[in-house]
Amino acid sequence: MDQAVFLFDILLPALMQGLVITLQLIACSAPFGLALGIAVAVGRQYGHPAISWLCRTYVFLIKGTPLLLLLFILYFGLPSVGITLTAFMASILGFILCNGAYNAEYIRGALISIKEGQMVAARSLGMTRWQAIRSVILPQALRRAIPGLSNEFIYLIKYSSLAYMITVIELSGAGKLVATKYFTYTESFAAVGIVYLVLVSITTIAVNILEKRVAVPGTVRATPSAQL
Amino acid sequence: MDILPILIDWSPYILSGVASTLGLVLTALGLGILLGLPMALGQVYGAWPVRAVVGVYVWFFRGLPILVLLFLFWFGIFPAIGLGHLSAFVVGAVVLGLRGAAYQSQIFRGAIQSVGEGQMIAARSLGMSKFTAIQSVILPQAMRIALPGWSNEYPNILTDSAVCYAIGVVELLTITSRIVTQTHMTMPVYLVAAGIFIILNYGGLKFLHGLEKRVAIPGFGTGAT
């Protein structure tokens, strides 16, 4: 078969369809992963001891378990206890749980880095504890957490490929199907790899710009900017 | 049916899965140091072509998902260069190691660069060659600084090793799936596997943190974190 025909008529259209699914997976997981991360970090740092323990245990369990096993539990395991999710939903749920746990660690690190005096000062101005967290601590902490959160976002792009293992035909899966059907393993996976490299490289540049855009003049960065 | 008899029945297989997973992780970690350290040195002290090659290597291996790397090497690159006879275990360990080297090189690079430049100048002015200075002045400090960051590679590689399931390496997750298929005990078996991974994860980390304390020099650096 002609190389050009294979590339433009078969491989690229398949990969673009897969890419759409990959982007859907990321778009559906990332915002909830961030929200979960913030909630868990705040809960662990400022919550009632029981909530704090719950948040700590959640992070402990998720960080200890391979994401692939978590996906298997959600997709193959949950039906046996009466909860059936589609493969796409199970993937998103797995990514949110995983992304949220890692995000929580970065956000908690940033929360700790904000000096305690700020909470005391905010409370002495008459703010409630919740108001102080929301309007004084978090706006600073989240900015400091951006490099870590960006790295996690990049990990999310890469680990979205694991959805293929529970039958979601996203970018890697699309590449695998073409590779198996036309026996073009090196070419197909190289093409898949290039798409991921482009995605990841664009994201790296974008988050570095974002970090500069939201920076408050005069505040120092806690961690160096994201690299891949 | 109860989970406990099943676990006892299958315990030799589960243990072989654990051994296989640990084999993957330890090979990958070792390969990662073996390649990552020279890469870091090359990136700090090397000429620009060396720096460029290492830079591209790191960009490539950190930019691709582990699943795609495994597929690419297992189905594509290794058979194409005549290494198609390698077992899935070897390919899995090598790919995890090659990828680990990319991450580890950046940990080592940061550590080497955090040792003040003045030390190299001082060592050279005492008559040491560049190589001797790196070997006896820079690296003993840099490796200790790198250790906490390096310890975090262990859980990363451990959790990624499960993806080797995709190319048919018979590691813990593969064994788990087989037990699930055979016994139809889905959730309990998965949860036990998760428990084993968690124990391996935090047990290994505990060992590494102990190591950090053992090799720490009193009063040097920030110490174990």
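Modeller: Helices (H or I, at least four residues) and strands (E, at least two) are DSSP runs, numbered from the N terminus. This is a predicted model, in which local features need pLDDT of at least 70, side-chain atom pairs count only at pLDDT 80 or more, and totals for chains, interfaces and linings use all residues. Residues are numbered from 1 along each chain as its sequence is written, while chains are lettered from A and ligands numbered from 1 in the order in which they are written.

Biologist: How far apart are the end C-alpha atoms of residues 54–76 of chain A?

Modeller: They lie 25 Å apart, and the span is 91% helix and 0% strand. UniProt, in an unreviewed entry, lists 54–76 of chain A among its "transmembrane region" features; such annotations may be inferred rather than shown by experiment, and positions are given in the numbering used here, with feature names shortened.

Biologist: Is A:Ile62 buried or exposed?

Modeller: A residue is buried if 20 or more other C-beta atoms, placed from the backbone, lie within 10 Å of its own, exposed if 12 or fewer, and partly exposed in between. A:Ile62 is buried because 21 other C-beta atoms lie within 10 Å. A:Ile62 is found in helix α2 (residues 49–64) of chain A.

Biologist: Which residues is A:Ile62 in contact with, leaving aside neighbours within four places in sequence?

Modeller: Two residues are in contact if their C-beta atoms, placed from the backbone, lie within 7 Å. For A:Ile62 these are A:Leu97, A:Cys98 and A:Ala101.

Biologist: How many residues does each chain give to the contact between A and B?

Modeller: Chain B gives 29 residues and chain A gives 34. On the chain B side, α9(B) gives the most, with nine residues.
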